Structures are given as structure tokens and as C-alpha cells.
Amino acid sequence: MSDNIDKEDIQSLIDFLNQESIPKLTNGPKVMEFENAWGDWLGTKYNLMVNSGASANELTMLALNYIHGEGEVILPPLTWISDISSVIFSGFKPVFCDINLKNFSFDLDKLKETITPNTKAIFLTHVLGINGLTDEIINLCNERNILLIEDVCESHGATFKNRKVGSFGFASNFSFYFAHHMSTIEGGMICTNDERFYQICRALRSHGMMREMTNENLKEEIINENPDLNKDFIFIRPAHNFRSTELNAVIGLSQLKKLDSNNINRIQNFKYFMEKLDGSKYLTDFEMDGQCNYAFIVVLREQSFEKRDALELVLKENGIEFRRGLSGGGNQLRQPYFKKNYTIDYNDFKNIDHVHNFGWYIGNYPSLEISKIDTLVSILNKL
Ligand SMILES: Cc1ncc(COP(=O)(O)O)c(C=O)c1O
């Protein structure tokens, strides 16, 4: 994998720091400028920068819990740990539904069975740049009054019906960590068109402090409910400090200018890779419409541990970096933090176990040469 941050980004940071009077460096105007630019790019009205994708996940769930109370949140077992921990930390009950092997999102039939009258939200992950949305999922959420939350931390620029994912759900989360489609060193974003949710997120980004909200009517309501308190220090819920610094936002503004052109390269690389990969040995019949991947996806058709070990050996011998299990290292339900506290019937999770044991991702970055993709494919197809 290769980092996105280049000399131009570093120069923008140097220029920012080199101003005659030292600018404010904690969350301030640059963060807001980046939030606005991000909203223009994605098409969402309210955008809130935080210090990581994991913080975006947790802040989203804390705010949902504050507004809507307790209940169940449906998750895929193929996601990053922070999606699940955010659900647990914020007081929701996590409920799981297996994935499908076409776009790595929910198995639709199973999703319908998993919904109960207590389902508050469906927390969908767009895995490694592949759109996970379908009309059925969106309709299901609308009909059953369930909030759809999109985790887009791995899929900046992927589309569903020619519209960017992350602009469909009630809220969405992005990460700007190393190797993702764009980077702010560390960073994340929460996006929504719902003003109340945004205002609550603003407060919960800063310790739960009401004064961070920008809607005077909402603030007035809270002040009136707490006449004994100084309005500068009203904390509406136990929360964290998830704020970004200005430095990360300056890098974000510089990176955002290159996101679309970098994505074109990634999309072309991924298509080229998939076309060359031997479909008799590897899964290649993915739903590719709107894909925008920062990693190649390799999943063995056969459930063979012998082939798995051979594949890992040959990649290592050739100095090719890889990660087994796709997003988050595979089946989250097999992790100690989960097994310790929950009982689970793994027979209900056959697809995720396939990916857990026989799936990998390998870096796809904008400057990757075609010759390297050819070498990779030839190594994989020879196995
Ligand atoms: C799907 C998903 N959600 C959340 C995160 C967390 O993002 P961060 O590493 O910025 O905390 C990641 C991280 O890679 C991820 O892949």
C-alpha cells in the first residue's frame, strides 16, 4: 500500500503554518471550510469533521441513542470493529445478519428475518469500495421506519444509481486514515441532511457541550430545561472529545482536490485486475456498478486451507503486502471481544466465514503501475 499524502499536501500545510500571525490550530475555520467542501463533493447538507472514522461511528451511534433511545441495530459481521463497539458503547443491542458474496453487504432474505419491532437502525458497510445499497434495503428502511446509516470509510466516491454512497442514508461515516481513498493523517466525517441530528453531533463532538450547537432554538429549549445552569457549561450526555485540528483539515482540503482524479485511476486498476483474474479459481462475479476500490479483492472459490497457505506463501515470497479477511480482518463474531459476551450460531454466517478464511485485500493506489498488476494476476492465476 502507498500513502496518499504528497509534497503538495505538505506544502499546503507549510504555507498555512507560515502565515505572519500564527493561525488558530485547534478546531476552527479550516475544519469548517473542509466540512463545507466535503458537503459540496458528497451532496449532504450537514457535515461534521472528527478525528477518525471510528470517532465518526461512535458519535453517530451516541447521537442516535440520545435522540431515539434504546433498541437494536443490525450490523454485518464484515466490518471494522468500531462499527460494532460504537453500537455497544452507546447502549444499543447489536444484532447481526450474514453478508452476500456479490457485494459483501447484507444477505437480503436474512436481513428481512433479522428485523424486529425493536430495530432502530441498519448500520450498513460499503466494503472496500463496492456499493452495498439496493432499492430493497432503502425501501425496507422507509417502510419499517428504520434509520439507515452508511459506513463509507472504505468507499469514498463509490456510487449507487450514479449518486455517491453516503448521501442515501439518514447519516453516513467516512474515514481519512492512511491508504483510504484520501487521507488527513487521521480523521473522519459524519454527513447527514437532518439538522437536529447534526446539532446533537456538534455537542457530542465536544464533550457533550451544548454551546457547540449552532441552532439557537434548540439551545434555548435546553437552557429552559436547565435554568439553574450556566449556559456555557451544559453537558447534554456523557461524551468524548472527538474534535479534529486545523492541520488535518488543511491536508483534507488539499487532498480533496485530487480525490476524483485519483479515484479514476483506482477504478481503472480494479477493473483491469478483475478482468484478468481467473474466474474459475477466484470469485469475480461481483456487482461492479459504481465500484471505487482502494484495494483488490481476492476470494478463493474453493474452501481449501492448503490453497490458502500456498497463496499467502507465494505473496510473501514476492514481497506483496496483503490482509486476510477483507474489511476488519474477517468475521468480527469470531473475535474474543465478541465471543466472550455473546453466543452465536456460526451456521447462520457461512458467507462471512468464507471471506474470513479465504479472502484477502491487496493495495490499489493511484500510482500503481499496470506491470505490477500484471505480475500480481499472473502469480494468483498460476496457483
Ligand atoms: C468500515 C470501516 N469503518 C470504520 C473504520 C475506522 O476508521 P479509522 O481508522 O479512521 O478510525 C474503518 C477503518 O479502516 C473501516 O474500514
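Predicted model: local features only at pLDDT ≥ 70, side-chain atom pairs only at ≥ 80, totals over all residues.
Residues are numbered from 1 along each chain as its sequence is written. Local features need pLDDT of at least 70 and side-chain atom pairs pLDDT 80 or more, while totals for chains, interfaces and linings use all residues, and side-chain values use heavy atoms, without hydrogens and water.

**The pockets**

A pocket is an open set of points on a 1 Å grid over the protein atoms alone, where a 1.4 Å probe fits, with protein on both sides within 12 Å along at least five of seven lines; lining residues have an atom within 4 Å of a point. Its volume is the space filled by probe spheres set on the points, which are joined across faces, edges and corners.

| Pocket | Volume |
|---|---|
| Largest pocket | about 630 Å³ |
| Second largest pocket | about 240 Å³ |

Of the 13 residues lining the second largest pocket, Ile320, Ile362, Tyr365, Leu368 and Lys372 sit closest to its centre. In the largest pocket, with 31 lining residues, Trp80, Tyr177, His180, Tyr294 and Tyr361 lie nearest the centre. Helix H3 (53-68), helix H4 (81-89) and strand E12 (359-363) each give at least two residues to the lining of the largest pocket; helices (H or I, at least four residues) and strands (E, at least two) are DSSP runs, numbered from the N terminus.

**The helix pair**

The axes of H3 and helix H7 (residues 195-205) come within 9 Å and cross at roughly 120°. Axes are lines fitted to C-alpha atoms, for helices over the stretch in contact (heavy atoms within 4.5 Å), and angles run from 0 to 180 degrees between N-to-C directions. H3 and H7 are therefore oblique to each other, the term for angles that are not under 35 degrees (roughly parallel), over 145 (roughly antiparallel) or 65 to 115 (roughly perpendicular).
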